[in-house]
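Hi,

Here is the structure I promised to pass on. Have a look at it first, and my notes follow below.

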Amino acid sequence: MKAFLIDLDRCNGCYCCQLACKDEHCGNDWSPIAKPQPMIGQFWCRVDEEERGRVPVVRVAYTPSFCGNCDECPLLEAAPECVSRNEYGFVVIDPDAARGRSDLADLCPHGFVFWNDDLAISQKCTGCAHLLRNGWNEPRCVDACSTGALRFIDEDGDADEIARASHAPGSHVYYLNVPKRWIAGTIVDRSINEVIIGADVTISDEQGNEVARVQTDWCGDFRYYECDQARYQVRIVVEGYESIELVADCRNGDVVFDDIFVIEKN
Amino acid sequence: MRLSDDTAVHNLGLESFGGGANIVAVDALDGKVARIRPVHFDEDYTKEELNYWKLTGRNGTVFEPGMKSYTPPFPLVYKCRTYSPNRIPFPMKRIDWNPDGERHPETRGTSKYERISWDEATRIIAAEIKRVHEAYGPHSILCQGDGHGESKAIHTPHGCMTRLLDLCGGYVMQARNPDSWEGWYWGAKHAWGMDPVGQNTHSTNTAQDIAQNCDAMLYWGCDLETNSWGWGGQQASRMAYWFDECGIEHIAIAPDCNYTAAVHADKWFPVLPNTDAALQLAIAYVWITEGTYDREYIQTHSDGFDWFEYYVLGNDDGIPKTPEWAEPLCGIPAYRIKALARYWASHAVSIAHCNGGSYIRAAFSHEPARLEVYLLAMQGVGKPGRISIKYIEWILFGMSSCSPLPPSKVVPNTAACYNGPLIGDMDCFVPKCLVHKALRGEEFSWHGRGTAANGRADQFEQFSFPAEGEPGIKMLWSDNPSFTTSLNGGNEFQDALRSENLEFYLVEAPWFEDDARFADIVLPICTKFEVSDFGTDNDSGQWSAVTYEKAVIDHVGEALSDWEAIQEIARALEVHGGVYENLWMRLTGGKTAEQQIEEGYAACGIAEKERDFEAFKKRGYQLIPTVEDWESQLVGLSGFADDPDANPLETPTGKIEFYSVPLATMWPDDEVRGPVAHWIERGDGHDDRLSSDRAKDYPFLIVSNHPRWRVHAEMDDVPWLREIETCKVMGPDGYAYEPLWVNPLDAESLGLRNGDIAKVFNERGAVLGGVRVTERIRQGVVYMDHGANSDVIVAGLGGLDRGGAINHICPTATSSKHANGEVTSGYLVGIEKVDVFELAARYPDAFARRGFYDPSYGADVRDYLVDGKSCHTSLQAEEGGEQ
């Protein structure tokens with residue numbers, strides 16, 4: 001079984017995987033494996049992007065996404081006469097046998113099967129089987145990745161890495177280094193315009209259990225990147241200053257506090 | 001199954017000028033481009049043959065060149081450009097321009113076009129050249145022959161016409177400004193030399209040095225995840241990831257969380273546009289007052305520091321440049337400025353650049369560029385881990401010392417078969433940023449040839465135009481009709497194109513974009529893959545390469561290459577005899593393209609024993625191994641740091657000059673670019689601070705970067721790019737608008753929401769944009785990339801553009817009065833929500849004349865033709881779309 005292994009720490013958001021897929025399939029007819037993809041609108045390989053954080057702690061999380069060739073793929077069950085699993089483990093739709101089957105596009109719960117109105121067929125990623133059968137080692141999307149974020153692996157041969165990766169149930173698309181939510185802030189004595197270096201910041205869960213303890217760095221910044229989608233309490237202790245307690249609600253997104261101005265104890 | 005029936009290797013970088021980058025393999029099938037893909041070097045070479053290198057960081061992480069080309073997005077989508085529905089299909093003539101009667105310059109930009117034959121087009125062009133020559137002389141033809149077209153040598157997209165005109169008496173060249181280097185060029189060079197563009201040219205082996213010795217890298221206005229794509233590829237991204245892995249802190253300094261900061265940055269300092277000088281001065285203030293700069297280095301390696309110290313401490317203007325002084329100017333809190341200054345003073349810190357952006361192409365950009373050199377000097381630049389590097393143009397102008405990575409043993413060139421002009425090599429010229437004046441027929445003078453290839457001293461030479469007794473420009477011949485969307489003062493340029501003074505405007509281009517729609521005659525030009533050529537790739541950060549760029553498809557429509565087109569014009573001119581006699585043979589020497597490729601290869605710089613033309617032709621490319629003993633080459637500026645007398649810089653003193661004697665001597669009264677870099681509040685035609693009275697009407701500063709999904713004006717018609725979330729914003733009228741980034745706090749106060757259409761405006765006019773509410777831009781600033789394909793509703797100053805070509809409303813005034821750089825970012829604008837349906841009702845004709853417009857690719861040449869008929873097929877047409 002072939003699979004995609006994606007290291008999200010190495011995805012720079014260039015979209016080359018999505019674009020190479022289009023270069024391979026838009027306007028090119030690889031029958032009987034794949035008919036042409038329309039010029040726009042289908043994403044057999046799709047990069048999702050999410051802006052995270054607030055000024056000045058902002059990042060974009062890019063996620064290359066693919067059909068998972070799921071173990072329980074509903075298309076296989078619904079249309080065994082025109083949907084099959086090929087020698088690489090990819091779920092493929094026979095374009096001729098499936099003509100007119102617009103229902104197939106609706107069956108995929110993840111949106112990775114597309115209806116082509118002009119050709120009256122449902123279409124999806126084939127893993128570039130037409131290339132793999134003719135000397136290529138990997139599909140176009142992976143070949144186009146410059147940073148090593150995308151790899152086309154043998155599930156059996158790369159079991160160790162797969163064990164470290166996360167994936168949707170039954171899916172054969174594996175992700176390394178999936179980012180978690182973060183809490184960030186900067187601690188400052190505004191009366192003298194100085195950041196506080198080495199301040200102790202304790203992060204606790206809603207029950208008051210300590211989750212992490214971090215210190216502010218040379219810029220007065222503290223960051224904690226391992227949050228769940230939950231509420232946290234943040235306690236800031238700086239010697240000689242009033243302590244501060246804050247709530248960080250990571251349920252809807254990352255938390256970046258406005259710069260935190262501490263006040264000297266009387 | 002047939003995957004292809006023909007394959008060639010092409011460079012798809014947009015260097016032009018005979019350079020190249022981004023080599024890819026192109027597979028053709030049945031006469032069409034089937035796919036464009038990275039080149040796998042390991043199919044043709046062993047690592048030993050290439051003298052493969054490995055660099056090791058201090059924590060043992062390894063960086064290698066890799067054995068395939070690291071192709072950025074643009075080459076992968078290039079067949080959309082080849083088969084764009086907006087290709088110019090055949091020669092076209094503006095219907096109400098009559099060379100024998102009324103010329104109607106005032107309707108340029110609004111009148112439609114009719115199809116004419118190549119014979120008719122070249123006959124008209126030849127007659128016009130002859131008429132202009134006889135009536136006014138050769139110095140009345142201005143060649144706009146520069147820009148970022150495709151990288152071709154024989155068929156060079158820029159300046160081919162100069163070869164022709166040179167043989168019939170001469171021409172006037174538009175002297176291309178150092179457009180991505182303005183501040184360094186006009187400023188930094190006066191502080192540390194570094195000809196020709198003012199960025200560090202001593203970068204040899206600095207990647208290795210940084211990986212082992214640098215603690216933090218300041219990515220100052222640096223977007224390597226965008227700007228490297230057009231001209232170098234993704235080795236830059238790989239190197240940035242390696243530095244991250246080495247534990248080097250990545251500090252981004254820019255008004256926007258650019259595409260590099262978005263994936264790499266550990267910290268982001270969101271400085272207000274074009275206020276970096278205040279931040280830099282405050283850092284210097286902290287170092288001077290706390291005694292934390294390298295005093296000994298300053299004594300031995302620099303000149304004039306006391307002038308700078310005197311200014312920073314406020315002795316000449318009564319204003320100490322404290323962090324508290326800088327905070328309201330630059331938008332960075334004083335406490336963060338102090339923290340950064342102290343960190344920098346106690347660690348090995350380097351600076352990274354990738355050209356462009358507000359930092360280096362705003363008003364007075366020479367000041368932050370010089371101040372950066374001052375700061376580098378104050379912390380001992382050239383010592384381990386302390387340097388300035390670039391993530392782009394690693395072999396700029398053939399200088400392999402610009403690369404931080406091991407260079408190849410030869411830098412190949414295409415000179416022997418290049419049919420364009422060399423930058424900086426001009427007899428008669430006007431500076432690009434002043435070209436408006438020439439088109440209007442004005443007399444004017446300036447200092448410096450001012451092209452990217454000229455040395456520092458050139459800036460002191462005075463020129464004027466036109467020469468005494470000459471009538472000035474009457475004909476414009478352009479192969480780069482994208483001035484209005486790429487350069488300074490776009491709306492004013494449109495007015496200049498419609499000037500009575502300009503009798504004939506000829507354009508040759510592949511696509512019908514921007515200024516081409518103002519031309520009187522338009523010639524269709526072909527793209528890569530349609531012609532065979534000889535090329536190079538020197539900017540990959542891997543190995544230099546030469547390419548045998550075999551044509552894999554036929555010419556699209558009636559297009560010819562620029563080189564082929566001017567041959568047709570040469571033949572038409574021959575009919576007139578005299579100075580035009582035997583012109584074609586004089587131009588070409590009777591050589592075929594194949595002969596020129598062979599000559600180009602023979603003289604490219606590769607030693608004879610390593611050349612094999614037939615093998616080169618068969619393989620399509622040849623890589624040049626890494627230079628022997630690259631490890632022993634001197635690191636960056638370490639020679640200067642160790643012994644400045646033995647290894648001087650190219651400044652008059654050989655040292656870093658805080659005080660420039662040449663500037664002081666030449667222009668003692670220049671208070672904007674004085675002998676020592678200063679904070680400049682306003683001057684020389686610029687009044688664009690948030691503290692200005694103008695900010696009452698135009699309360700935002702705008703950032704215009706090199707575009708993420710274009711290369712300047714190129715690529716705006718690629719459907720696959722336009723589908724990407726950050727590329728376009730779909731309006732309620734089904735039009736794909738150029739994104740306008742607005743901070744959520746500003747959006748709230750302006751009543752703007754995601755997907756709204758807004759007007760960006762100032763005194764010079766307005767452009768429309770689609771709102772993206774985002775934390776990627778700081779409060780008080782809006783962001784809109786330059787280079788969008790314009791869709792002019794009202795032309796000229798005060799005009800309105802629907803396409804989002806933001807440079808229509810940027811200043812025309814240059815960097816400062818003696819520095820002819822463009823100012824295309826960091827200026828004041830207002831923002832206002834608009835109702836596009838109300839606008840459509842107010843300008844019914846302008847909105848209605850875009851019947852063929854398709855949001856998936858944008859403008860369509862058929863909308864500009866009287867009969868609405870093109871003649872070639874696009875990719876889309878094959879799927880059953882209309883054509």
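How close do the axes of helix α10 and helix α13 of chain B come, and at what angle do they cross? Before I answer, please keep in mind that this is a predicted model.

The axes of α10 (residues 276-290) and α13 (residues 323-330) of chain B come within 9 Å and cross at roughly 165°. Since angles over 145 degrees count as roughly antiparallel, α10(B) is therefore roughly antiparallel to α13(B). The crossing is a left-handed one. On the α10(B) side, the residues that take part are A278(B), L279(B), L281(B), A282(B), Y285(B) and V286(B), and they meet P323(B), W325(B), A326(B), L329(B) and C330(B) of α13(B). By class, this contact of α10(B) with α13(B) consists of 11 nonpolar residues, with no polar and no charged ones. Some of the spacing along the helices goes with a general point: an α-helix has 3.6 residues a turn, so residues three or four places apart point the same way.

There is another helix pair in chain B to look at. Helix α3 (residues 118-136) and helix α20 (residues 562-574) of chain B have axes that come within 8 Å and cross at roughly 60°. This crossing of α3(B) and α20(B) is right-handed. From α3(B), the residues in the contact are W118(B), T122(B), R123(B), I125(B), A126(B) and I129(B), and α20(B) answers with E568(B), I569(B), A572(B) and L573(B). The contact of α3(B) with α20(B) has seven nonpolar residues, one polar and two charged.

Now for the two chains together. How many residues of chain B are in contact with chain A? There are 50 of them, and they touch 45 residues of chain A. Several elements of chain B supply at least two residues each to that side, among them β3 (32-38), α8 (235-245), α13 and α14 (334-346). So that you know where to start, α14(B) gives the most, with six residues. The side of chain B that touches chain A divides into 27 nonpolar, seven polar and 16 charged residues.

In chain A itself, take a look at helix α1 (residues 16-25). 10 of the 10 residues of α1(A) are buried, so the helix is largely enclosed by the rest of the structure. Following α1(A) you will find G27(A), which has a positive phi near 80°.

Back in chain B, the domain assignment gives three entries: domain 1 (92-179 + 414-619), domain 2 (182-408 + 645-666) and domain 3 (693-810 + 818-848). Taken over C-alpha atoms, the centres of domain 1 and domain 3 of chain B are 30 Å apart. Between these two domains, 28 residues of domain 1 are in contact with 28 residues of domain 3. On the domain 1 side, the elements that give two or more residues are β17 (444-447), α18 (483-486) and α19 (490-497) of chain B. The most comes from α19(B), with five residues. That side of domain 1 has seven nonpolar, 15 polar and six charged residues.

A few backbone details may be handy when you set things up. Which peptide bonds are cis? One of them runs from D195(B) to P196(B), with omega near 5°, and P196(B) sits in the loop between α5 (182-192) and α6 (206-213) of chain B. Another runs from F465(B) to P466(B), with omega near -10°. P466(B) belongs to the loop between β18 (462-465) and β19 (475-478) of chain B.

N177(A) has a phi of about 60°, and its place is the loop between β9 (173-176) and β10 (181-189) of chain A. N177(A) has 14 C-beta neighbours inside 10 Å and so counts as partly exposed. In chain B, N51(B) has a positive phi of about 50° and lies in the loop between β3 and β4 (55-56). With 17 other C-beta atoms within 10 Å, N51(B) is partly exposed.

Cheers

Key
Residues numbered from 1 in each chain as written. Chains lettered and ligands numbered in written order. Predicted model: local features only at pLDDT ≥ 70, side-chain atom pairs only at ≥ 80, totals over all residues. Axes fitted to C-alpha atoms, helices over the stretch in contact; angles between N-to-C directions. Helix = DSSP H or I, 4+ residues; strand = E, 2+ residues; numbered from the N terminus. Parallel < 35°, antiparallel > 145°, perpendicular 65-115°, else oblique. Left-handed = near helix turned anticlockwise from the far one by under 90°. Contact = placed C-beta atoms within 7 Å. Nonpolar A, V, L, I, M, F, W, Y, C, P; charged D, E, K, R; others polar. Buried ≥ 20, exposed ≤ 12 C-beta atoms within 10 Å, placed from the backbone. Domains from an automatic or database assignment.
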